Amino acid sequence: MAGTKALLTLENFINGKFVPCSSYIDSYDPSTGEVHCRVPDSGNEEIEAAVEAARAAFPGWSARSPQERSQVLHRLADLLEKSLEDLAQAESRDQGKTITLARTMDIPRSVQNFRFFASSILHHTSECTHMDHVGCLHYTLRAPVGIAGLISPWNLPLYLLTWKVAPAIAAGNTVIAKPSELTSVTAWMMCKLLETAGVPPGVVNIVFGTGPKVGEALVSHPEVPLISFTGSQPTAERIAQLSAPHCKKLSLELGGKNPAIIFEDANLEECIPTTVRSSFANQGEICLCTSRIFVQKSIYSEFLKKFVAATRMWKVGIPSDPSASMGALISKAHLEKVRSYVKKARAEGARILCGEGVDTLSLPPKNQAGYFMLPTVITDIKDESCCMKEEIFGPVTCVVPFDSEEEVIQRANSVKYGLAATVWSSNVGRVHRVAKKLQSGLVWTNCWLIRELNLPFGGMKSSGIGREGAKDSYEFFTEVKTITIKH
Ligand code: NAD
């Protein structure tokens, strides 16, 4: 292919070394639609090599004290922070997100993931109970599980990868990570820092390629007893099937169809800009994004008018434009899928108030083939519509009215997902009541996406199994034993 030589070509990172692969897949720049890098198309062979390296590194790494491992994580955090601008540029180009978001959220959070687990690993204690009547004391002991298989998605590439790597290695495991084949560049850049940080060879192995090929090879490997996966529900089903014969430990962080519930006593000055952000940040490609907005009838018209006006101010631009609020979607196929939902809504008789098919998007000539789309607001739509039930994972949100608290709770809970919800009200009692009744792993009231990493993160129903966070990740990445001493 003409021009192939100039392309960035990634290599797997196994046993502390970059290793070329026998075949590669093309990775596209979402803002132009052009191939911008080549990603290893790994399979069984690469997984075998990574397992061998991770197995050999495990005894040494797991025998280190938490303090020693913590120092390595801190050094890695410092090195990532020094490379923040390069990493942000690469993430923005590879994923299509704005440079501003990559600079202010993705890369700082990746740094924080290592700092956070470097610290939290120092503070765990175990349980102890006494049975004096039989002269016994019991205590628990936690040990790393072994080789952790980590699979991450394309929407927050380095952010979500490091959210798994950091707790896994902090607890003393060795890892084989597989980032999304659509966004592999920053993971590869991080590999360049591992040796300087003091991560021994084989402790972190990164193998690139597609889900069905290298992802399944990793999940099916009998020597990988644990899989931490973030991605879509259909892929989780496949991973659960492949893991079942080995009884693997599974953590599944999946999709959402997140409601925002806006009561008539909400502070609209704060609610509207935050709900625009919660609907369209990162092109709506965050599992926590709002996609169903329920507004109490008495303020419905006012809300809708102000919300649409604020959405029209949410600027779509090329990712490198620091004034852009939103960049390009991840791929052509994904853009078409997101657009098809708007088309279906229109065919069902819903009204599209702004965005797709209503407003015009103007882009520089070199970005005409990029995967851009305007933030889109849909209304007059039934709760049974696929746009109100299925995860669209793009810049599309639906706004519908409601009458009462009981009714809105029931409607918010009527989808198969249960990841995140937001509630807007100045009535403290109502906020607590509604939060308690929502079937949702996370509820933000009068705010969105304020994360406390110490506390559990994850969803219920089809949004996943398990939780991540200081204690939850530690428990997942370790095996617990109960020991009884008779004295
Ligand atoms: P995806 O399921 O297509 O892919 C996720 C990862 O799994 C990728 O690395 C992919 O290569 C790999 N994969 C695909 N098929 C596989 C297989 N058969 N075996 C093993 N691995 C396989 O998801 P995506 O499109 O990359 O990400 C979007 C989805 O992720 C959305 O549903 C979103 O809600 C979800 N998500 C959830 C969270 C959360 O924390 N709950 C966070 C971000 C994204």
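The model is predicted, so local features need pLDDT of at least 70, side-chain atom pairs count only at pLDDT 80 or more, and totals for chains, interfaces and linings use all residues. Residues are numbered from 1 along each chain as its sequence is written, and side-chain values use heavy atoms, with hydrogens and water left out.

Q: Where is Serine 243 found, in which helix?
A: Helices are DSSP runs of H or I with at least four residues, strands are runs of E with at least two, and both are numbered from the N terminus. Serine 243 belongs to the helix that covers residues 233-243, and that is α8.

Q: Is Serine 243 buried or exposed?
A: Buried means under 20% relative accessible area, exposed means over 50%, and partly exposed is in between (1.4 Å probe, protein chains only). Serine 243 has a relative accessible area of 1%, so it counts as buried.

Q: Which residues does Serine 243 touch, not counting residues up to four places away in sequence?
A: A contact here means heavy atoms within 4.5 Å. With those sequence neighbours left out, Serine 243 touches Val219, Ile227, Lys248 and Leu250.

Q: Which elements do the buried residues of α8 pack against?
A: In α8, the buried residues are Gln233, Ala236, Ile239, Leu242 and Ser243. They pack against β8 (147-151), α7, β11, β12 (249-253) and β18 (417-418).

Q: What volume does the largest pocket have?
A: On a 1 Å grid over the protein atoms alone, a pocket is an open set of points with protein on both sides within 12 Å along at least five of seven lines. Grid points are joined across faces, edges and corners, and a volume is the space filled by probe spheres set on the points. For the largest pocket, that comes to about 800 Å³.

Q: Which element gives the most to the lining of the largest pocket?
A: Lining residues have an atom within 4 Å of a point, and the largest pocket has 34 of them. Elements giving two or more are α7 (211-220), β11 (226-230), α8 and α11 (332-347). The one that gives the most, with 6 residues, is α8.

Q: Which element gives the largest share of the lining of the second largest pocket?
A: The second largest pocket holds about 440 Å³ of space. Among its 21 lining residues, His124, Thr125, Ser126, Arg142 and Tyr474 are the closest to its centre. The largest share, 5 residues, comes from β7.

Conventions: On a 1 Å grid over the protein atoms alone, a cavity is a set of points where a 1.4 Å probe fits but cannot get out, and a pocket is an open set with protein on both sides within 12 Å along at least five of seven lines; lining residues have an atom within 4 Å of a point.
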